[in-house]
Structure formats: C-alpha cells, structure tokens
Amino acid sequence: MPPSRHPLPEPSKPQPQTRPSGAGWLPHGSHLVPHSHVQGQLVYAAAGTLATTTERGTWVAPANRMTWTPPGFAHSHRFYGRTDVRLLNIPVDLCGQLVAHPSVFAVSPLLREAVLVLTGDRSESRPGAHQRLLAVVIDELSDTPEQSLHLPESSDDRIRAVTDLLHADPAQFTTLAELGRVVGASERTLSRLFHTELGMSFHRWRTTLRIHHALAHLTNGMSVTDTAMACGWSNPTSLIEAFTEIVGQTPGSYQADLLRNGGK
C-alpha cells in the first residue's frame, strides 16, 4: 500500500460520521457498510471500479469517473478489482456548489491530478495550498456534466419484485411479460411503472444492470467474450455496442486503462 497521510479504514466495519480525506488500496470485493457524512464526499477509484449504493439506487464509477455523495445521504461502497481508493471530503460550505443528489462525474486530467495530490502524502508547501487546490476540484466538477451509470430502484412492490429477480440473475432472458406473470402484474402495468418510477424503460434498466456486472467482471480480469456470456449478451459484439454507448469506451479500452492505472 502506498503511503498516505490518512489511511482508509478497514472495509466492512461501521464508519464514523466524519472521516478525513485519504487513500489506500483495497482488494477485490471489499465493502464499506452503510454510513453517512456530515460533509460531502468524493470517492475516486484511481485504479479499479467502485459502486456506491443509496436508497435511490446504485451508481457505478470506473476509473474515468468519480462519485459524489452530498452530506446526510446514507450510502455504502463496494470495490471491484484491486482498487486504489481516494476519499476527499468536501466542507459543507462548498457543497452547495455541487448537485444536491448522489451522482457520478467524468474525471478530466486536471481533476484527476488535483484529487491525487489532495489525497496523497505530499505535505502542504505553502499555507492555503490545499484549499486553493480544492477550489480547483470544485470548479472542475461544476463545469463537468453528470455521467451517471445510475441504476435506480423503486419502492413499488411490483417493480421491486421484478428487479430483485433480475439482480439475482442478470443474464436471464426472461421477458417483461414472463416476469409479470411471476410477480402478478401485467406487462403493460410494469412497463408504465418502469417509466414513471424509474425514469427509464425495462430494457434500459436491464441493460444498465448488465453493464454494472460487466464492469465488475472486466475489472476483475474476465475476458470480453466471457463477460458477454456471463451478463446475458448473445455475443461479444452486443456487449461492446451497449458498453460503448453507456460507458463511453469499448470494454477493451476500459481494461487497457485499468492496466495503465495499475489495476488488476
């Protein structure tokens, strides 16, 4: 583990309400249990992939994205691949400059380097240097559009029953009509609820779920072909097309970036 001014807490342990910024390597599958912060928090996987879950759903951030959780939101984290985790707390008086809900942002080269410095072991050479660099981070995020790999969840029992079945087996080819017969709701009703409750079609929700699992498999070193089969695509080309549309790069280039950044 590289040196850090503020090492990360052990995974799967209860978290305090406040915690200093810091950095550390976590093994594949590490989990930080549900907790909340008085301050806002940015979490960046400089290598690896992380998933942040709240009552509103799950956000996934590969190494080209960064998660944002405002103050007071209960959330948990799960890490895929050997992950270089960077935690950066945002003081409450600065949080109003960012969106008021959990989200994911693209990471520009400037944003990446600023976060690495702020969470690393370099001492503050001049008074106020860290505060000025934090202002750069806020400016970069304020000018960056959200790029959320967000998988929303619903409190509606019918939708929850369907999504629970899909979470248990993302690769299943069951149609919405077939799922409706299992949970006792018509295809038309479920289709309407996906749009009104989750803001997306059933097909889009299931594709996003599969992309979440694909990111985890690819981060852990699985081949593109095996990932496609494990996540329910009939061939690698279908995975590549969906992955490129949602993530913004091909699975192959994503794995290449992982290797360059020191991942698995």
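Rings of Phe, Tyr and Trp (the six-membered ring of Trp) form a pair if their centres lie within 6.5 Å; planes under 30 degrees apart count as stacked, over 60 as edge-to-face and the rest as tilted. The structure on display is a predicted model, in which local features need pLDDT of at least 70 and side-chain atom pairs count only at pLDDT 80 or more, while totals for chains, interfaces and linings use all residues. Residues are numbered from 1 along each chain as its sequence is written, and side-chain values use heavy atoms, with hydrogens and water left out.

**First stop: the aromatic rings**

A search of the whole structure finds three aromatic pairs. Please select F194 and F202. Their ring centres are 5.4 Å apart and their planes stand at 75°, so this pair is edge-to-face. Are these two residues buried or exposed? F194 is buried, at 0% relative accessibility, and F202 is buried as well, at 11%; buried means under 20% relative accessible area, exposed over 50%, and partly exposed in between (1.4 Å probe, protein chains only).

Next, select F243 and Y254. The ring centres of F243 and Y254 are 5.9 Å apart and the planes are at 55°, so the pair is tilted. F243 belongs to helix 9 (residues 236-247) and Y254 to helix 10 (residues 251-260), so the pair ties together parts that are 11 residues apart in sequence. Helices (H or I, at least four residues) and strands (E, at least two) are DSSP runs, numbered from the N terminus. F243 is buried, with a relative accessible area of 0%, and Y254 is buried with 2%.

Select P236, which is found in helix 9. P236 is partly exposed, with a relative accessible area of 26%. From P236 to P251, 15 residues apart in sequence, the C-alpha to C-alpha distance is 9.7 Å.

Then select R192 in helix 6 (residues 187-198). R192 is partly exposed, at a relative accessible area of 47%. The C-alpha atoms of R192 and F202 are separated by 9.3 Å, with the two residues 10 apart along the chain.

A charge sits over a ring if NZ of Lys or CZ of Arg is within 6 Å of the ring centre and within 35 degrees of the ring normal. Select R82 and W25: R82 lies over the face of W25, at 4.0 Å from the ring centre. Select R210 and F173 next: R210 lies over the face of F173, at 5.8 Å from the ring centre.

The largest pocket has a volume of about 290 Å³. On a 1 Å grid over the protein atoms alone, a pocket is an open set of points with protein on both sides within 12 Å along at least five of seven lines, and lining residues have an atom within 4 Å of a point. Select A51, T53, T58, R78 and Y80, which are the closest to the pocket centre of the 17 lining residues. Which element supplies the largest share of the lining? Helix 7 does, with five residues.

**Last stop: the cysteines**

Select C95, which is buried with a relative accessible area of 9%, and C231, which is buried with 1%. The count of disulfides (pairs of cysteine sulfur atoms within 2.5 Å) comes to zero.

Terms used. 1 Å grid on protein atoms, 1.4 Å probe; cavity = no way out; pocket = protein on both sides within 12 Å on 5 of 7 lines; lining within 4 Å. Points joined across faces, edges and corners; volume = space filled by probe spheres on them.
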